Amino acid sequence: MRTAEIRQRWLDYFAKHDHHIAPSVSLVSPDPSILFTVAGMVPFIPYILNTEPAPWPTVASVQKCIRTNDIDNVGRTTRHGTFFQMNGNFSFGDYFKEGAIDLAWGLLTSSLAEGGYGLDGDRLWMTIWEEDAVSYDYWTRVIGLPSDHIQKLPFKEISWSTGQPGPAGACCEIHYDRGPEYGPDGGPAADVQGDRFLEIWNLVFDEFVRGEGEGHDFELVGKLERTAIDTGAGLERIAYLLQGKANMYEIDEVYPVIRATEEIAGKKYGADAEDDVRMRVVADHVRSSLMLIGDGVRPGNDGRGYVLRRLIRRAVRSIRLLGVDDVVLPSLIATSKDAMKDSYPELEAEFSRILDVASAEEAAFRRTLASGTQIFDLAASKASGGNKVLSGKDAFALHDTYGFPIDLTLEMASEQGLKVDEGEFRRLMQEQKDRARADARAKKTGHVDSAVYNEILDESGGSTRFLGYSETGAEGKIV
Ligand code: ATP
Ligand code: MG
Ligand code: MG
Ligand code: MG
């Protein structure tokens, strides 16, 4: 079943169960405190928090998402994309735990002919909060799930809050057992890698008020006046199960770019583990770049633009590591667009603009690489003879003179088994910043917005971390 159809089935199922259907919002988050839309609930935050009246009691959507915190997982796990689509259903004071469980079980296990996903219920496992007797009871008594398919976790491992005093709740995470070839027995709670007991759907039950505290270190101080349900299921994860693929990069919406990369590089996917990771990174990052540019993001030195720049650069570098030096982004982006346009027809209309932005960025990066690679190689050969540390001075020169961002230097160094003296690099960056500040003061021009300038220095010199919203779940943070 094609991903576009799996997506449509989601929307049809929840429409049939009286949900309002909301379109995806932009990847540029409507909530100004976060850079990107990281989950399906983002456009509904005021209704979940009950700070604004919800226009409908229940709603469902398929939301485009970007998660930069998963960038290093891409291609290495079977299930993490920087771009992915989160299917969601939400209830603002309407149904609660029982209703959410019924809806989820119904969609996952009803047959394809009935409009469901036809998954084998015997392969489904739940992780729930150890004190959530309602869910436990419902799963075992009403749904009939065997009790050994329900694993109980402490609140801090299976809960959600905004990171601040306010609404909080336990989750129930639904996992699909892909079988012993993907890892040892023991259920999702014991599956550290997480690729055998694949997490497909997270049901968040908002019912508590939490107090002050950092991270998981807070107390529950009361009950919400009005509960909420917030769920998210990865469309690509369901797709790779239903399409019988080994990972999310091999589904119909992603794999065509791997195929095209194979052809361009003259290499076979499946022949070499490291090359396979590179091909999956290319396919993921090309798709993320396509979708980000489609939503109006332009490459730049900070914020969203920097994330896009980094994705494009990592795609180009992975292609180079596959042995290809030609300009390839335009054709790969076109392939990705063709794979995505059934679900996002607007990509077609926007395509010439998308192509212009991507091509210009690829060209600029190739110039950077051309001027800096020799210098990098020289520094690397010095370092590989001694203590295997590339000096902060060299990293700084690469940054300052050749426009090599530090993360590029770090990545290229680590490919050669080298470390980088980041402490010294940062000290030199700081010195340069201080000099710039002193210069600006000396000039007293009043025209130079040195604060902005310094921010850019900070951004381009440091690894960018985006905070502002965090979800504490079984696995920690969304950043
Ligand atoms: P994981 O533990 O696998 O990293 P998560 O617990 O971080 O997932 P949630 O924050 O619970 O994920 O998001 C809800 C659902 O969205 C997940 O159950 C999963 O199906 C999907 N999902 C989350 N992150 C990704 C990603 N990077 N790529 C594809 N799907 C994702
Ligand atoms: Mg989760
Ligand atoms: Mg998880
Ligand atoms: Mg995660």
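Where does Ser391 lie, between which strand and which helix? Hi everyone, let's start there. This is a predicted model, and in it Ser391 sits in the loop that links strand E10 (389-390) to helix H11 (392-402).

If we set aside neighbours within four places in sequence, Ser391 is in contact with Asp421 and Glu424. Val420 also deserves a mention: Ser391 and Val420 are 29 residues apart in sequence, yet their C-alpha atoms are 6.1 Å apart in space.

Let's zoom out to the domains. The assignment for the protein chain gives domain 1 (3-242) and domain 2 (254-420). Taken over C-alpha atoms, their centres are separated by 32 Å. Where they meet, 16 residues of domain 1 are in contact with 18 residues of domain 2. On the domain 1 side, helix H1 (3-16) and strand E2 (58-66) each supply at least two of the touching residues. By class, that side has 8 nonpolar, 5 polar and 3 charged residues.

Finally, the whole chain. The protein chain has 14 helices and 11 strands. Its radius of gyration is 24 Å, close to the 23 Å that the globule rule gives for 479 residues, so the chain is as compact as a globular protein of that length. The C-alpha trace spans about 70 × 55 × 45 Å along its principal axes. Of the 479 residues, 44% count as buried.

Terms used:
Residues numbered from 1 in each chain as written. Chains lettered and ligands numbered in written order. Predicted model: local features only at pLDDT ≥ 70, side-chain atom pairs only at ≥ 80, totals over all residues. Helix = DSSP H or I, 4+ residues; strand = E, 2+ residues; numbered from the N terminus. Contact = placed C-beta atoms within 7 Å. Domains from an automatic or database assignment. Nonpolar A, V, L, I, M, F, W, Y, C, P; charged D, E, K, R; others polar. Rg over C-alpha atoms; globule rule 2.2 N^0.38 Å. Buried ≥ 20, exposed ≤ 12 C-beta atoms within 10 Å, placed from the backbone.
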